Amino acid sequence: MTKKIFDRISIIILNLCIFAVFIISPALTCAASHSYYKYEFEKNGIYASADESGAEERTSICFIGGKSGSIAKFSDEQLDLISHHIIDFLFGDTESFALTMDNVILNGKETDNVEIFGETAVLHMADVKVLMRGALIGDIICALLLILSLVYIIRRRNEIGRVALRYTVIFLTVLLCLIILFLLLTFIGSYDIIVSHPSYFLDEVWTNMHHLLFPFNEEKFENSFFNDTLTQILTLELFMDAVTIVLVSLFTALFLWLGFAFVLINKNRISANR
């Protein structure tokens with residue numbers, strides 16, 4: 001009886017750890033990847049392009065330093081420096097997110113000592129850094145639990161097959177229902193606007209996801225939305241692409257585990273027929 005209880009607990013832990021690891025790991029990988037930022041800058045038109053004559057045409061970035069009316073045109077190299085700064089702050093030893101740059105084309109003039117981010121962005125990224133550090137620790141713990149539970153399940157594979165399949169199907173069903181419920185509540189909450197402007201739905205999804213990132217903390221939630229250099233270069237498309245990567249990684253891992261559970265139950269049937 002005790003072993004059967006541990007069997008069920010191990011399946012629950014495994015599914016929860018797959019859920020955690022394959023959400024956190026790809027999210028952190030995107031956030032720490034300079035190549036991901038470069039790809040998104042290119043895709044979303046943040047990098048400079050060439051006009052019809054072949055001359056460089058830089059993208060106008062508004063709200064420099066969090067100030068309305070402050071518009072800069074960064075070179076690709078300067079944008080790369082900004083993305084490196086973001087990564088260094090989130091995952092390195094950089095203490096403050098504040099950044100000053102020289103040779104910035106600000107409001108049509110080359111300017112030195114330009115404060116790139118405003119105070120709200122600096123405070124918000126401090127919260128994000130704490131979130132990232134906590135997520136990294138949680139990811140490591142969940143990865144260890146995932147390995148331990150998987151080892152236990154493999155050792156108990158002859159007895160655990162049917163339980164593994166049943167509990168995994170239940171977990172996937174609950175997960176899908178929660179995602180659908182989240183999307184449905186988002187749609188209902190902004191029905192009037194979404195019906196008129198369907199593209200606004202993704203904005204609302206991203207907005208409501210911040211309730212999951214900062215639960216029970218309305219101040220940090222409110223401070224997540226502001227106009228700044230940061231929000232101009234890290235576009236909604238960049239974040240939604242990251243969400244897509246996370247969801248693909250998660251459901252790939254879950255369905256691979258589901259397939260493994262099918263193998264376990266089929267082996268049990270073969271053994272029982274012998």
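**Side-chain contacts and surface**

Reply: The structure holds four salt bridges, a salt bridge being a side-chain nitrogen of Lys or Arg within 4 Å of a carboxyl oxygen of Asp or Glu. This is a predicted model, in which local features need pLDDT of at least 70 and side-chain atom pairs count only at pLDDT 80 or more, while totals for chains, interfaces and linings use all residues. Residues are numbered from 1 along each chain as its sequence is written, and side-chain values use heavy atoms, with hydrogens and water left out.

Me: OK, what does Lys38 meet in a salt bridge?

Reply: Lys38 meets the side chain of Asp80, at 3.4 Å from N to O. The pair links distant parts of the chain, with Lys38 in helix 2 (residues 34-43) and Asp80 in helix 3 (residues 76-91), 42 residues apart; helices here are DSSP runs of H or I with at least four residues, numbered from the N terminus.

Me: And is Asp80 buried or exposed?

Reply: Asp80 is buried, because its relative accessible area is 15%, where buried means under 20%, exposed over 50% and partly exposed in between, with a 1.4 Å probe and protein chains only. Lys38, at 34%, is partly exposed.

Me: Which residue does Asp241 meet in a salt bridge?

Reply: Asp241 meets Lys43, with 2.5 Å from N to O. This pair also links distant parts of the chain, since Asp241 lies in helix 10 and Lys43 in helix 2, 198 residues apart. Lys43 has a relative accessible area of 45%, so it counts as partly exposed.

Me: What about Arg58, which residue is its salt bridge with?

Reply: Arg58 forms a salt bridge with Glu56, and the closest N and O atoms are 3.1 Å apart. Arg58 is partly exposed at 26% relative accessibility, whereas Glu56 is exposed at 52%.

Me: Switching to rings: how many aromatic pairs are there in the whole structure?

Reply: A search of the whole structure finds eight aromatic pairs. Rings of Phe, Tyr and Trp (its six-membered ring) pair if their centres lie within 6.5 Å, and planes under 30 degrees apart count as stacked, over 60 as edge-to-face and the rest as tilted. One of the pairs is Tyr36 with Tyr37, which is edge-to-face because the planes are at 75°, with the centres 6.5 Å apart. Both of these tyrosines are buried, and ring pairs link Tyr36, Tyr37, Phe41 and Tyr47 into a cluster.

Me: Where do Trp257 and Phe260 lie?

Reply: Both lie in helix 10 (residues 236-273), three residues apart, which is about one turn of the helix. Trp257 is buried, with a relative accessible area of 5%, while Phe260 is partly exposed at 30%.

Methods:
Helix = DSSP H or I, 4+ residues; strand = E, 2+ residues; numbered from the N terminus.
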